[in-house]
Amino acid sequence: MAHADPEMESKESMAKSLNGRGFALHHHFQRTGDLRDITEGIEDLRQSLELTRKGHVKMPVRLGDLGDALYSLFRHTGEPHDLTEAVSLHRSALEVTPKGDSDMPSRLNGLAASLGSLFKLTGDLQHLREAIVNLRRAVELIPEDDYDTPTFYSNLGEFIHSLFKHTGDIQDLTEAISMHRKAVNLTHDGDSDMHFWLNGLGSAQDSLFERTGYLHDLAEAILTRRRALELTLDSHPAMPTRLNNLALSLEYLYHGTGNLRDITEAIYLQRRAVELTPDGHADTPIWLNNLGGFLESRFQRTEDLQDITASGRAHPHGHVQLHTRLNCLGESLLSLFELSKDLQDVNEAIITQRKALELTPEGHSSIPGHLTTLGSSLQSRFQCTGDLSDLTEAVSINRRAVELTPEGHAHMPGRLNNLGASLDSLFKRTGEVQHLTEAILNRRKAAELTPSGHAGMPSSLNNLGKSLESLFENTGDCDARDEAISFYQSSATYASGSPHTRLRAARNWVQSLNRYHPSSPDILSAFDTAIHLITLTATLEQTLHRRYTELQYSSGLPLQAASTAFTHNRVDKALEWLEQGRCLVWGQLTNLRRPLDDLRDHDSHLSDSVMEVSRQLELAGSSRVTPRAGMSLSEKRSLDEQARDNFDLAQRWDNLLDKVRALPGFETFLKPLPWYTLLQHLPESGHVVVINVDGHRCDAVAMRAGQDQPLHIALPDFSLERCEQYRKDLLVQLQSYNLLDRGRTDVTESEEGGMKRSIQSVYLGGKRGEPVIQAILRGLWKTVVKPILQRLEVSRIDRSSPLAPPRIWWCPAGPLSFLPIHAAGIYGPNGSESILDYAVSSYTPTIASLIDRVKKGHAIEKSISGLFMTSQPNASGASSIPGTTQEIRSIYEIAMKGGLRAEKLEGGEITAAGCLDIMETFSSVHLACHASQNAENPLTSHFIFHDGSLDLASILQRNLKSADFAFLSACQTCTGAQKLPDEAVHLAAGMLAAGYRRVVATMWSIGDRHAPDVAVDFYRYLLDHQDPNTEDGFDGRHSAHALHHAVEQLRLRLDDDNSDQSLLTWIPYVHFGY
């Protein structure tokens, strides 16, 4: 019997001990991440290996253990030499493992894992293919019930998926999904590794959708991703990866459906991923790159500059697959250029995208996508500079992108569309019809290949329509013209896709019908579609500021629609479109505040749900928190979470409306009113007149209680051009007198007997030398107001009659809303004739808002009935207006004498916040102060107090359920926004939206000298005409007549002087509401 060699036994004992200690340190490092552990562990494992003799039974294990430790070190530090040594050790371990050894599958998996990482580091496909070969052997050898079997299948699925990304072979992807499913199916519920296998499966399912474009594949991927996320603890190191992966799937879904909620949730999840990832982590550049892409996607839809600037900051530099990062950065720079038009941005985009292509390995599946983005940048630069070489290169690059894209690939339609767009531009530049013909062929194929229901279909159809219309214009091919109209219609009426894209198609549909078939009845259907799409571009999940921004793009379209309806003798349609397409935002606010008494009687639980969601939506819409430079990641994520919640609220609102409308008798609940219902609740005391102004024609529609048809009144002598000129001339005069601030000197005050500012004499169609304001009022009288009064057979007011004068509610559209219709007339040196001689004028933003106030008609609670008033004569940063103090003291004295419940607080006696609290306890309010309008963000329009501002957003958030009347004795409180003339973007309309039934406001500065007298005359009349027998308490039901009276008294004090300066003194006072 041979004796054991003591030295050999000692070496083996030492090797065994060192290996055990090294193995333990490796595992400790995996728990703690302490580099000292792995460094010491590797040193121990090296020494153990050196002490192990060749052919020793433990040699495979010790080679594998050292390879595993070096691989772990690489994954922590990214040092390439650690990985290459790990690969070499795993190869050696595999070579010395006996055939049939139970550890063979683990050896194969270890080598495959390190080879897979080497492929990611180098991009060499040979490493990936070798990894796949080894893993195939591993899954063949390992028993199905082995604990490690799901891991092997998942790794194999991941590597085959990576191979697909480089080859584009869909058979590889199908096999990858099969391997991932196997891993999931072999894992028991509750297994801590399940989220890893689900993550891999979801990633492969994403790729399948990206390859095929089938939304059901994506839906399955998202379900898988969500399940993986649910199984992952927040503290788990894989949580950022899970968040990133679900965000990617949601971005794909957004591009497939156009639902902004999906991209908003993706941004929220991605910010969480970035936030949860430790500083300096190797994945951080990937998360930031994806976040930049998501922000860019949302920017393409919303054009919110904050998104694209944040996107540019998110894209990192210097990481594996640098070509992908550079390409994404180039896309962001291109988007920034589209907004800024700064040539430097697109130049940098092109340089960055060229570099991305240079760094992309030959044959890589990313090349067609990189070519596409470069082609888009070159075409954009051509549009800016006109350099034909950019355009011809764009065409060439887009051709190559199409050629390199596999048949059936989900991106093929988009790339064909891009090629068509560049060819279309080349035709427009060169006039060569063959380029246009080729563009049409590519755009046809793009439309044919786009899956049914895909969000990109409306864009494909609209683009094809535009190319066909160009073909008709250049060749006279009538079939191409009719086909273009058909494609516009199909795009506009498509069931899915961006409302903005479909609205553009609807515009093209309308314009082409107007141009080629003006008498076609289809044009009414086209406008019907367009008006509906306008409402979809400014939806409830958006803030009010965002809704107003969206509506700028469709401003004027409802007026064009009404003009066409008048031409087709469809007064009913004109009326409906003017109602549905104008004042959308205030209409939404009104709906959210609509009383629900009838619904509560039928289903109190459903009524409470509607009320609660409406309250939350109103608060969400009036949010004033906006993105800003320097926000922390958590602040940005909070904003994204808020946006996501808003989408959920909007969806809940839609679902609740569906439930309510399913109830008998509630089928039209909160729907736009058909024209005939507008006639059912009109005020008894006068006419309602809607006036439409369009470039083709101008018309009025008059309605009166008891009449079953609206009356159409053509206004052939008025025009949009004349209206715009009047508006510009009026603005010049107001600016010349500084009539934008109550504290400025009144136009009738003088210095040493002369006027503060001289008035220009301009001939505007009246008699020669007629002053500007007189000419404007004369023009409005002769071409608009008098023709209406004649058709309505309205007689002059009988001053001796005890009956109240008739009323007219004016509802002007477009730029006419900036002009004083209520003062139209002829004002000469020897007398005048004006609308004031015929009726008492009021304004209403829409007919619906007026009839809603007629229907409400509820009594005011005695505890709330009364008048609160405040003056702010010396607000910081504003001119002094001492007249406000006299004004409210005089009103208070009148109120006390009339036995009215009233409260008066002056200057520093009340804060802006305190005013809000008191407004909830009084039915009427009188604010004598400065005011500031913000047409860009109406919610920030405000009244100026000594301690700050009382803005409209704060007022809207209060529960002013008993609000009745507001007198806004401040400057320009009913001046709209030029970009949104039909959205009633002013404080008066805002107070109506907040719940007040009627409002007195001003079109420009009222002057501190006369304002107190007007207010005194107004309240005296109002109190004198209160019904002594009513128990309703104080209200403003006679406020329109009171203002009419007060203005007449002011004119008398001005000695009926009809000079422009006198006219500018009394004209600004206007009445809104019932």
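A: The model is predicted. One aromatic cluster in the model is formed by Phe965, Phe967, Phe1018 and Tyr1019. The structure holds 16 aromatic pairs.

Q: Why is the pair of Phe209 and Tyr252 called tilted?
A: The ring centres of Phe209 and Tyr252 lie 6.2 Å apart, and rings pair if their centres lie within 6.5 Å. The planes stand at 55 degrees, whereas stacked needs under 30 degrees and edge-to-face needs over 60. The pair is therefore tilted.

Q: What makes this pair a tie between parts that are apart in sequence?
A: Phe209 belongs to helix α9 (residues 194–212) and Tyr252 to helix α11 (residues 239–257), so the pair ties together parts that are 43 residues apart in sequence.

Q: Why do Phe209 and Tyr252 receive the labels they do, buried or partly exposed?
A: Phe209 has a relative accessibility of 6%, and buried means under 20%; Phe209 therefore counts as buried. Tyr252 has a relative accessible area of 21%, which falls between the limits of 20% and 50%, so Tyr252 is partly exposed.

Q: How do you know that Trp781 and Tyr838 form a tilted pair?
A: Their rings are 5.8 Å apart, centre to centre, with 40 degrees between the planes. Trp781 is in helix α34 (residues 772–792), and Tyr838 is in the loop between β8 (831–834) and β9 (840–843), 57 residues apart. Both Trp781 and Tyr838 are buried.

Q: What makes the charged end of Arg481 count as sitting over the ring of Phe472?
A: The charged end of Arg481 is 5.3 Å from the centre of the Phe472 ring, and the distance limit is 6 Å. The charged end of Lys904 likewise sits over the ring of Tyr892, 5.3 Å from its centre.

Q: How do you know that the span of helix α16 agrees with its number of residues?
A: Helix α16 (residues 343–359) has 17 residues, which should span 24 Å at 1.5 Å a residue. The end C-alpha atoms are 25 Å apart, so the two values agree. Among the buried residues of α16 are Asp345, Val346 and Ala349.

Q: Why is His195 called buried?
A: The relative accessible area of His195 is 2%, and the cut-off for buried is under 20%; His195 is therefore buried. His195 is placed in helix α9. The side chains of His195 and Arg242 make a polar contact at 2.8 Å. Beyond four places in sequence, the contacts of His195 include Ala228, Leu231 and His236.

Q: Why do Asn738 and Glu793 receive the labels they do, exposed or partly exposed?
A: Asn738, at 26% relative accessibility, lies between the limits of 20% and 50%, so Asn738 counts as partly exposed. Glu793 has a relative accessible area of 68%, and exposed means over 50%; Glu793 is therefore exposed. Asn738 has a positive phi of about 55 degrees although it is not a glycine, and Glu793 has a positive phi of about 55 degrees as well.

Definitions and conventions
Residues are numbered from 1 along each chain as its sequence is written. This is a predicted model: local features need pLDDT of at least 70, side-chain atom pairs count only at pLDDT 80 or more; totals for chains, interfaces and linings use all residues. Side-chain values use heavy atoms; hydrogens and water are left out. Rings of Phe, Tyr and Trp (its six-membered ring) pair if their centres lie within 6.5 Å; planes under 30 degrees apart count as stacked, over 60 as edge-to-face and the rest as tilted. Helices (H or I, at least four residues) and strands (E, at least two) are DSSP runs, numbered from the N terminus. Buried means under 20% relative accessible area, exposed over 50%, partly exposed in between (1.4 Å probe, protein chains only). A charge sits over a ring if NZ of Lys or CZ of Arg is within 6 Å of the ring centre and within 35 degrees of the ring normal. The expected span of a helix is 1.5 Å times one less than its number of residues. A polar contact is a pair of N or O atoms within 3.5 Å; within protein, one must be able to donate a hydrogen and the other to accept it, and residues adjacent in sequence count only if both atoms are side-chain atoms. Contact means heavy atoms within 4.5 Å.
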